[in-house]
There are 4 protein chains.
Amino acid sequence: MIIILKKEATKANADELLGIIEAQGLKPLYMPGSERTVLGALGDERVLATLNLEAHPYVDRLLPILAPYKMVSRELQAHDTVVDVDGVPIGPGHFTVIAGPCSVESEEQIVESARRVKAAGGKILRGGAYKPRSSPYAFQGLEEEGLRLLSIAKEETGLPIVTEIIDVHDIDVVSKHADMFQVGARNMQNFRLLRELGKSRKPVFLKRGMSAGYNDLLMSAEYILSEGNPNVVLCERGVKTFITGTRNTLDLNAVPYLKSKTHLPVVVDPSHGTGIREMVLPMSKAALAAGADGLMVEMHPHPDQALSDGMQSLFPEQFEKLMEVIRRYAELEGRVLP
Amino acid sequence: MIIILKKEATKANADELLGIIEAQGLKPLYMPGSERTVLGALGDERVLATLNLEAHPYVDRLLPILAPYKMVSRELQAHDTVVDVDGVPIGPGHFTVIAGPCSVESEEQIVESARRVKAAGGKILRGGAYKPRSSPYAFQGLEEEGLRLLSIAKEETGLPIVTEIIDVHDIDVVSKHADMFQVGARNMQNFRLLRELGKSRKPVFLKRGMSAGYNDLLMSAEYILSEGNPNVVLCERGVKTFITGTRNTLDLNAVPYLKSKTHLPVVVDPSHGTGIREMVLPMSKAALAAGADGLMVEMHPHPDQALSDGMQSLFPEQFEKLMEVIRRYAELEGRVLP
Amino acid sequence: MIIILKKEATKANADELLGIIEAQGLKPLYMPGSERTVLGALGDERVLATLNLEAHPYVDRLLPILAPYKMVSRELQAHDTVVDVDGVPIGPGHFTVIAGPCSVESEEQIVESARRVKAAGGKILRGGAYKPRSSPYAFQGLEEEGLRLLSIAKEETGLPIVTEIIDVHDIDVVSKHADMFQVGARNMQNFRLLRELGKSRKPVFLKRGMSAGYNDLLMSAEYILSEGNPNVVLCERGVKTFITGTRNTLDLNAVPYLKSKTHLPVVVDPSHGTGIREMVLPMSKAALAAGADGLMVEMHPHPDQALSDGMQSLFPEQFEKLMEVIRRYAELEGRVLP
Amino acid sequence: MIIILKKEATKANADELLGIIEAQGLKPLYMPGSERTVLGALGDERVLATLNLEAHPYVDRLLPILAPYKMVSRELQAHDTVVDVDGVPIGPGHFTVIAGPCSVESEEQIVESARRVKAAGGKILRGGAYKPRSSPYAFQGLEEEGLRLLSIAKEETGLPIVTEIIDVHDIDVVSKHADMFQVGARNMQNFRLLRELGKSRKPVFLKRGMSAGYNDLLMSAEYILSEGNPNVVLCERGVKTFITGTRNTLDLNAVPYLKSKTHLPVVVDPSHGTGIREMVLPMSKAALAAGADGLMVEMHPHPDQALSDGMQSLFPEQFEKLMEVIRRYAELEGRVLP
């Protein structure tokens with residue numbers, strides 16, 4: 001940690017801080033300059049987080065040297081994590097496609113979806129039972145009944161299930177039906193939920209928040225790992241920017257950036273990342289090319305009758321086409337569609 | 001609702017949609033143009049939300065005419081709502097200052113805070129017992145013990161209490177100690193929490209999410225009102241932008257904009273909105289001048305020892321100064337510090 | 001154009017506006033609703049731009065139906081434009097790599113750069129002679145001498161030259177040495193420069209501004225086409241967002257989005273789009289996969305001695321590797337590296 | 001400057017960099033840590049800007065200690081600059097209102113505007129002769145004729161003139177008619193223009209770019225000061241964010257932030273900062289309260305007939321009202337409307 005003092009800070013102020021640093025077992029450094037005095041604290045600067053040094057009246061600002069996360073860091077674990085979702089791997093060597101409708105709407109709809117996903121080569125079924133919707137007047141999901149329908153779809157096709165969990169107190173019921181918990185963008189910083197999911201061993205599919213920086217996302221994953229669950233998949237799904245025309249701005253920079261910092265797999269959701277059906281194919285290819293470990297794609301048997309997100313859902317034929325194209329890209333990258 | 005069809009849409013496509021519109025009890029309009037066909041649906045277009053028209057393959061886009069919210073709208077209720085927090089009003093005619101530390105840390109700290117807040121003219125005490133922190137290694141709050149300490153501070157000073165609630169299942173315990181629920185920025189779209197708070201009659205202090213647009217915030221308030229609780233206070237606390245130097249970008253445009261659309265009170269939090277102690281005073285004055293109904297300000301008896309947000313917390317003397325200055329501004333606006 | 005009136009607008013207000021619309025040769029529409037009156041103006045709504053209808057006191061807002069651009073639109077020209085840069089095509093069927101150093105620094109540096117670019121399969125040489133730098137204390141480019149050195153590099157290698165122009169009054173001198181004018185992000189809305197370049201027939205490489213929306217970029221291209229120059233190449237180079245860690249946020253959504261709206265070629269600059277040397281390769285592949293027509297990449301013989309942008313410049317060996325990989329991706333897309 | 005090395009950097013790599021730092025006359029510091037080696041360079045770190053240290057393969061990142069600007073800095077000049085615009089001061093002690101139409105449209109319009117501005121207490125007349133417009137089909141300004149009409153308005157009323165300059169080569173003609181050059185948001189980083197205006201002594205009104213950070217704006221001012229012109233007024237006019245509903249997001253944080261860093265005056269433009277006529281008054285008050293030195297406000301004798309920006313232009317009666325209210329706020333702040 002580098003600590004830049006305010007112009008008016010005296011030698012006594014500096015000494016006080018140096019004492020605090022030393023008391024924490026860190027190596028203190030004193031660097032008086034012509035314009036500013038700069039202090040250093042060498043060692044595991046995370047112990048300084050609790051000291052709140054930036055609140056001192058004569059501290060101008062802190063410049064951290066180390067990343068704020070630990071367990072998710074590639075510095076701690078150099079090799080890539082492969083997450084196993086009921087037998088389906090997500091991680092290097094593979095390119096795993098998760099697909100299905102935005103919401104579970106009926107048995108017929110979800111079973112038909114699962115069949116089309118499986119036939120085309122998708123490996124995990126998605127489908128929302130609990131739907132966070134910005135309007136109280138919009139369809140909110142079938143809830144527990146939706147979970148039950150997902151189980152039926154799994155029985156019919158054998159596809160593992162990922163579905164969103166929006167509250168700590170649904171962990172048991174969701175756990176019974178799902179093979180992977182999905183944490184949605186709006187809950188990426190629901191830290192109590194993250195902690196509780198960290199106590200499970202079931203994989204967690206963690207979507208990036210709409211205005212989450214890279215460190216924010218990694219710190220949210222750190223919450224889960226620090227409780228003991230190493231099975232976390234990160235998902236880039238677009239962020240909120242000044243840009244209109246698309247629903248979100250898909251930040252594919254996130255893929256190589258995150259993969260250089262963490263050993264966790266990174267999956268891309270081009271459906272939310274664009275909001276436009278016709279853009280899902282090119283952005284899926286781009287995601288793979290950028291180094292993603294898989295996709296989460298919205299597909300619906302009848303998008304024009306979908307109760308949510310129909311505009312960005314693929315028709316089954318479009319999904320088949322996507323899988324065909326993706327397969328050729330995956331080969332180029334030496335990745336297997338598991 | 002205006003519905004713009006794709007170039008390739010035929011008369012038959014248009015007729016199909018016009019039939020759907022009519023079946024919903026809306027007045028359909030057919031406007032064939034030289035370049036595009038445009039349809040209209042006049043009436044309460046919110047009934048169209050469930051129809052998912054934008055997912056139709058020959059619909060290019062929808063242009064809503066009406067706002068997506070209803071009960072929070074000034075069109076439904078022209079006069080301003082005054083929210084009563086255990087005897088303290090928030091709303092027009094008043095300028096209500098809520099103050100206190102970021103976190104409750106000890107009995108001494110919170111009681112001392114309450115005394116200083118009250119002495120200077122603050123009317124409601126804030127203090128966090130449950131703290132959502134981006135790092136799992138940071139102080140997470142005293143939880144239930146913190147709530148108990150807030151009650152002691154209330155007994156000592158008579159100040160009503162506002163404190164953050166982060167989970168539906170804490171409603172009972174928080175309710176016992178708090179006079180107003182605070183929903184933090186990260187929970188602004190925790191719709192289950194909003195719904196449950198809507199079933200209470202206790203006031204809700206709803207902070208704007210870090211990347212929430214105006215309609216997003218109003219729709220979150222709509223969740224609460226639509227369940228029966230009219231006592232909602234909106235809070236502008238800064239949004240996430242490309243700007244560095246300040247912690248957030250305080251969007252004071254939100255004050256007159258929101259007040260033109262809704263009858264709910266709007267309060268500003270200049271502490272989170274700037275992240276810099278020295279900027280709290282000028283931005284507090286600006287908030288009042290922009291038409292805010294009050295402030296939420298962080299003050300700590302010893303900011304340099306605070307366990308969170310010390311950098312943006314005022315020293316008690318600074319808070320006294322702020323109240324003095326604010327008082328003169330409030331007079332100019334014909335507002336009473338209740 | 002759809003015109004939504006304010007609640008308080010009367011029938012007389014509406015009639016006045018309908019008269020104005022009709023006087024412009026557009027077909028007026030009157031749609032009184034229960035909550036709002038809505039007017040329509042069918043026909044070429046661009047003639048309404050000059051009428052400033054949104055400034056009328058009883059107009060709430062305008063909803064345009066048509067895009068604000070014309071000549072760049074795919075609706076006007078369905079087939080893709082191929083821009084010819086002194087014999088090198090940019091456009092569909094091809095994947096054209098433009099490479100070279102950020103700045104021209106010396107004859108040796110630029111000639112060496114050109115040789116490495118050519119040897120690896122790059123087709124156009126980039127190099128800045130006029131450098132817009134955010135600090136007045138940073139290297140500002142060799143200016144005219146830099147242009148002369150670019151000509152030498154062209155003589156040595158035969159590579160066409162693209163270089164930035166920052167002022168109308170340099171058109172003649174830049175024109176003498178360059179085969180394509182580059183308009184930098186900071187000049188994307190230097191409309192006088194755009195107009196003057198529109199009077200030339202030399203290709204223009206138009207970089208997206210740091211906070212330019214899709215329509216903004218297309219309107220800037222429209223300035224050039226509307227003066228008679230159809231040879232415009234659009235370039236996505238990253239936009240400014242709240243994200244830190246990368247220099248800019250590369251918006252690859254822009255590629256399929258723009259290509260669905262315009263017939264002009266779209267090239268991606270992953271060097272500025274990431275700011276990190278190691279991210280250039282994955283994002284180059286992603287750009288191609290998303291449908292881009294080419295790349296602009298920074299390469300320097302000795303990036304660690306570069307006078308600008310060294311951090312994001314490739315070493316020549318890295319550029320060779322990139323070209324190798326890109327070639328395989330191009331084949332998959334049926335694109336020839338010309 | 002703090003230099004953080006990559007994990008793999010050796011002692012020899014560090015020594016090489018330390019040698020470079022020392023050769024520049026800076027004091028080098030070596031801080032080997034358990035996880036990373038950190039170097040320091042104490043002294044005027046701006047000399048390091050030209051060394052491009054961040055491009056070294058074993059440098060992870062640089063953390064500057066000092067601000068990148070010098071002459072605009074309050075550290076160089078502690079007292080506030082007062083800029084004199086043909087007798088009208090802008091700076092502390094005063095609150096200077098600049099007003100007038102977006103564009104000069106006719107003699108009658110601009111003279112009438114000037115009269116209304118003057119009568120209400122405005123001190124400087126604004127009016128655009130050269131208009132950067134995002135559409136080539138929109139009104140582009142009367143250019144030189146517009147300048148001539150501004151001179152007539154000055155003769156009639158005595159109000160000094162500020163008008164936008166968009167090109168270096170208009171300096172002479174604009175200089176003849178204007179008392180202050182306005183640099184628009186789109187030209188904030190037109191560095192050649194800034195340099196040339198720096199060679200004049202005429203005041204420069206520098207508007208913040210739509211996505212300019214605080215340092216970007218200050219560095220653009222530094223361009224002007226470094227050429228010898230100390231008469232710069234900074235203008236906050238709103239930035240581009242994800243927020244819709246308003247034209248821009250007025251960042252009033254900029255006022256106290258900039259004033260803590262620079263001695264230059266800061267003026268706010270609530271017309272562009274909101275884009276909505278009804279929001280100009282509250283945001284003008286807020287600007288004053290936040291510590292601004294003045295306002296730039298759009299007023300038009302007949303906003304509904306304005307050729308540009310009519311929607312955000314005040315009616316003359318609204319401007320009179322604004323001046324009345326502002327006067328009371330100015331008194332509270334001990335500021336004189338000069």
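The paragraphs below treat a helix pair and then a chain interface.

This is a predicted model, in which local features need pLDDT of at least 70 and side-chain atom pairs count only at pLDDT 80 or more, while totals for chains, interfaces and linings use all residues. Residues are numbered from 1 along each chain as written, chains are lettered from A in the order in which they are written, and side-chain values use heavy atoms, without hydrogens and water.

In chain D, the axes of helix H5 (residues 191-199) and helix H6 (residues 214-226) come within 6 Å and cross at roughly 40°. The crossing of H5(D) with H6(D) is right-handed (the near helix is turned clockwise from the far one by less than a right angle). From H5(D), D:Phe191, D:Leu194, D:Arg195, D:Leu197 and D:Gly198 are in contact (heavy atoms within 4.5 Å) with D:Ser220, D:Tyr223 and D:Ile224 of H6(D). By class, this contact comprises five nonpolar, two polar and one charged residues (Gly counts as polar).

Chain D also meets chain B, with 36 residues of chain D in contact with 36 residues of chain B. Together the two chains bury about 2,600 Å², 67% of it on carbon and sulfur atoms (accessible area lost to a 1.4 Å probe, summed over both parts). D:Phe242, D:Asn253 and D:Leu332 supply 24% of the area that chain D buries against chain B, more than any other three residues. Two salt bridges are counted between chain D and chain B (a side-chain nitrogen of Lys or Arg within 4 Å of a carboxyl oxygen of Asp or Glu). A salt bridge joins B:Lys285 to D:Glu333, with the closest N and O atoms 2.7 Å apart.

Notes:
Axes fitted to C-alpha atoms, helices over the stretch in contact; angles between N-to-C directions. Helix = DSSP H or I, 4+ residues; strand = E, 2+ residues; numbered from the N terminus.
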